[in-house]
Amino acid sequence: MRALVVHEPTGPGAARLEEIDEPAAQDGMALIDVHAAGVGFVDLLLTKGEYQIRPDPPFVPGIEVAGTRRDTGERVCATTLFGGFAEVAVAPAFLTFPIPDAMPFDVAAGLVINYQTAHLALTRRGRLAQGETVLVHGAAGGVGTASIQVAKALGAGRVIGVARGEEKTRAAAEAGADEILDAGGDWVAAVRELGGADVVVDPVGGDRFDESLRCMKPEGRLLVVGFAEGRIPTLPVNRLLLRHLDVIGVNFGGLVPLDQAFPAAAATDLFRWWEEGSVRPLLTDEYELADGARCLRDFAERRVIGKPVLRVR
Ligand SMILES: NC(=O)c1ccc[n+]([C@@H]2O[C@H](COP(=O)([O-])OP(=O)(O)OC[C@H]3O[C@@H](n4cnc5c(N)ncnc54)[C@H](OP(=O)(O)O)[C@@H]3O)[C@@H](O)[C@H]2O)c1
């Protein structure tokens, strides 16, 4: 089969198209003929050897796919334990879900990690209540666009998206944010003028995290999702005491070994919301499997808008 293989984690260019053996069927795992594979920032970190899990090379990146399950013939989407950027992938059966008949494979591949993470962040971790205000950073990115839509589907009163530049602020609006602020402007003052945030979804980190603490309502929750900006922030905790704030970690992959049931419950909500029209992954760019390295480079150069998906077959 064709797959993108990393022999040495030196960055996006390390993911090269090769012919390798198909993975074998295993107990408890689903063998999937992949039609589309989602690409995320995590894959970039994997190719650089900077992700929290470092698979031994050679390895195939890619942690989310949509395709046809070999044993049942069902159309499914799945979270893979790497190996998604390939014509055939294996995924734990409990992370493999049949998709609605009308759902295209590229949409299904775009609805996996970011949307599952947004669901976990805003429900179980962030305890979002009806009518609350949600501030979303990286609002044109994968986790950001998903968080905007999941927050709206869960009944947020107002969703504020922060993104850099005209093209990205437009994408945040297209994703469904009610208010859009440019990351280059005084977004802290603007959020305060809007009454502050009850919940902040932060996949960016660095200054974005530090500054968010200045525009949250008392008893607000800041959800730590990622550090795309590169700096992992630190915090004098007296600020939490003074303003009654919570800072909460969110780790989709890390929760799976502790609770195998939560992704299925999230998938049920996400598929229903897709059928109702309230979640729509922003599939902005078209890439073939062979374009994987280019797509990963776009992540590294902060050029990605919405959710890229590799068309595999
Ligand atoms: N915790 C979890 O379970 C979980 C799950 C999935 C992903 N993640 C993490 O979430 C983060 C975002 O992932 P994603 O797939 O949404 O990435 P993405 O689509 O590239 O979005 C990240 C956003 O971060 C902003 N950014 C600021 N500085 C940046 C820089 N130096 N380089 C790149 N982007 C920068 C960009 O927005 P502006 O240009 O508008 O500022 C960009 O749109 C990553 O750290 C990823 O590892 C965590």
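The following legends describe close-up views of a predicted model.

**View 1. Residues around the ligand.** The shell comprises 26 residues, among which Val-143, Arg-164, Lys-168, Val-250 and Phe-252 come nearest; a residue is counted if one of its heavy atoms lies within 4 Å of the ligand. By class, 14 are nonpolar, seven polar and five charged (Ala, Val, Leu, Ile, Met, Phe, Trp, Tyr, Cys and Pro are nonpolar; Asp, Glu, Lys and Arg charged; the others, including Gly, polar).

View 2. An oxygen atom of the ligand lies 2.8 Å from a backbone N or O atom of Val-143. Polar contacts here are pairs of N or O atoms within 3.5 Å. The protein covers 90% of the 900 Å² of accessible area that the ligand has on its own (Shrake-Rupley method, 1.4 Å probe).

**View 3. Helices of the shell.** Helices H1 (41-47), H3 (113-125) and H4 (142-153) each supply at least two shell residues, and H1 gives the most, with three. Helices are DSSP runs (H or I) of at least four residues, numbered from the N terminus.

**View 4. The two domains.** The chain is divided into domain 1 (2-111 + 282-311) and domain 2 (115-254), with bounds from an automatic or database assignment. Their C-alpha centres lie 27 Å apart.

**Notes.** Residues are numbered from 1 along each chain as its sequence is written. Local features need pLDDT of at least 70, side-chain atom pairs count only at pLDDT 80 or more, totals for chains, interfaces and linings use all residues, and side-chain values use heavy atoms, without hydrogens and water.

Notes. A polar contact is a pair of N or O atoms within 3.5 Å; within protein, one must be able to donate a hydrogen and the other to accept it, and residues adjacent in sequence count only if both atoms are side-chain atoms.
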